[in-house]
Amino acid sequence: MTAPVEAEAQGKGRAGGKGTPWPVARALAATAATPLPPLTVPLKRARGRVLATPLTARQPHPAFDTAAMDGYAVRGEPPWTLVGSALAGGEPAPPLRCGEALEIATGAPTPPGTTAVVPYEHATVRARTVTPRQPGTSRTHIRHTGEECPAGREVLPRGTVVTPAAVGLAASLGCDSLTVHAVPQVALLLTGDELARSGLPPHGRVRDALGPLLPGLVEWAGGAPRPVTYLPDGRAPLVTELARSAGRFGPQEPAPGTDVIAVCGASSRGPADHLRPALGELGAQLLVDSVACRPGHPQLLAQLPGGTYVVGLPGNPYAALAAAMTLLIPLLGTLAGRPAPTRRTARLARPLRTDPSRTWLVPVVVEDGLATPVGHDHPALLWGAALADALAVLPPGGADDVELLPLPR
Ligand SMILES: Nc1nc2c(c(=O)[nH]1)N[C@H]1C(S)=C(S)[C@@H](COP(=O)(O)OP(=O)(O)OC[C@H]3O[C@@H](n4cnc5c(N)ncnc54)[C@H](O)[C@@H]3O)O[C@H]1N2
Ligand code: MOO
């Protein structure tokens, strides 16, 4: 599927054309790369990354026989004589003898010989004699060593995203570090002389919507966004910044280790749309050149000679988001080591206008398996996307059941 950029950059024939079919483009983005190499990081830096090796228990859980309730550890048949007390984290208690009871806190090791823990509410104590309030049940209220997880057991497979719960689980099982995939480093280049970064822009200029949007989107997809770089319109600044971001050359210090560069704007064929010519000048290979979808068709995926990927996103903000969901998010997922997402579908709440040759990405809210379009889906405004749970993928010709691309919430 690769084609030298130079050839494409010369012609304008594909600007309004159909481009790569949307499902093909997404699959190309997901398979263009391989996961970044593994590295071992402390637990506190592991969250959001992806396990490169399975998480296995370094110790059994629980690590010792322990009381599941506050009450009395007892041995043998009642009544029992109270011989002392044990708190969680305290000195280990000596073995119990038959007929003895030890006041015990939840989580304290049960002394050797314990046959049950009688909760306070099930016991009566008089003159250091403990008796049960009701006939014994079959429950001993002892959590035995390894009963929840034996040592060496694989508890999370490779490819699991490290959630807060996973970090806590790893700690419970004695881990101080996790082996995860490196996080894709993402440079964000925004082009356009018309962009204003705060306040109400003067006539003819527009507020930048993508500088505020993209870092959160990249983090959600498992990448690490670099601070946004704003570029003036022009081919030369784009060539210089693409090369610098890729760490290849440049007058300034190269940015080390950039895996992906997302470029916003300059993706179409107008006089200020320099992305394709700039990529051509740098000797990039186009992997996807325009996608048969609305919005977002001018998007592209390319690879610079040093290996860095470039995703070209249209300047129109909703078109940029739709394009990012098509090319950038699958690419980042693969680089980050995430498994392919589970395919989700829903029934469209009402039929939508369809296109015979292009996929439409439609913002929807999803409830009880029904996808309801929220409207407000003009390519230039993120209103519909901000209301939506997901983008519904409406294939050429339409469908009753549609695939969903969940949006970050
Ligand atoms: N002759 C053709 N013209 C256009 C075509 C085409 O096929 N043939 N496609 C249109 C489509 S669809 C899109 S989308 C845009 C893509 O344009 P670019 O990627 O080149 O982006 P720009 O021209 O720079 O900007 C387009 C539009 O978006 C605004 N913009 C840009 N950046 C931002 C930002 N960060 N935040 C908010 N708004 C932004 C910009 O001001 C323009 O209004 O091309 C069409 N034209
Ligand atoms: O990608 Mo444009 O519609 O897709 O604004």
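**Domains, cores and ligand shells**

The domain assignment divides the protein chain into domain 1 (3-36 + 182-336), domain 2 (40-56 + 156-181), domain 3 (66-143) and domain 4 (344-406). The model is predicted. The centres of domain 2 and domain 3, taken over C-alpha atoms, are 37 Å apart.

**Nonpolar cores**

- In soluble globular proteins, nonpolar side chains tend to be buried together.
- The largest nonpolar core in this model contains 92 residues.
- Ala262, Val288, Leu301, Val310, Val311, Leu331 and Leu391 have the most contacts inside this core.
- Helix H7, which covers residues 317-336, gives the most to the core, with 15 residues.
- Leaving aside residues up to four places away in sequence, Val311 touches Val260, Ala262, Leu301, Leu327, Leu328 and Leu331.
- Another core, of 17 residues, lies apart from the largest one, and among its members are Ala86, Ala93, Ala108 and Ala123.

**Around ligand 1**

- There are 27 residues around ligand 1, and those that come nearest are Gly265, Ser267, Ser268, Pro314 and Gly315.
- By class, the shell of ligand 1 holds 14 nonpolar, nine polar and four charged residues.

**Around ligand 2**

- Arg294, Pro295, Gly296, His297, Pro298, Pro314, Asn316, Ala319 and Pro379 surround ligand 2.
- Five residues of the ligand 2 shell are nonpolar, three are polar and one is charged.
- Pro314 is listed in the shell of ligand 2, and Pro314 is also one of the residues that come nearest to ligand 1.

Notes
Residues are numbered from 1 along each chain as its sequence is written. Chains are lettered from A and ligands numbered from 1 in the order in which they are written. This is a predicted model: local features need pLDDT of at least 70, side-chain atom pairs count only at pLDDT 80 or more; totals for chains, interfaces and linings use all residues. A residue is near a molecule or strand if its C-beta atom, placed from the backbone, lies within 6 Å of it. Ala, Val, Leu, Ile, Met, Phe, Trp, Tyr, Cys and Pro count as nonpolar, Asp, Glu, Lys and Arg as charged, and the others, Gly among them, as polar. Domain bounds come from an automatic or database domain assignment. A nonpolar core is a set of buried Ala, Val, Leu, Ile, Met, Phe, Trp, Tyr and Cys residues joined through C-beta atoms within 7 Å. A residue is buried if 20 or more other C-beta atoms lie within 10 Å of its own, exposed if 12 or fewer, and partly exposed in between; C-beta atoms are placed from the backbone. Helices (H or I, at least four residues) and strands (E, at least two) are DSSP runs, numbered from the N terminus. Two residues are in contact if their C-beta atoms, placed from the backbone, lie within 7 Å.
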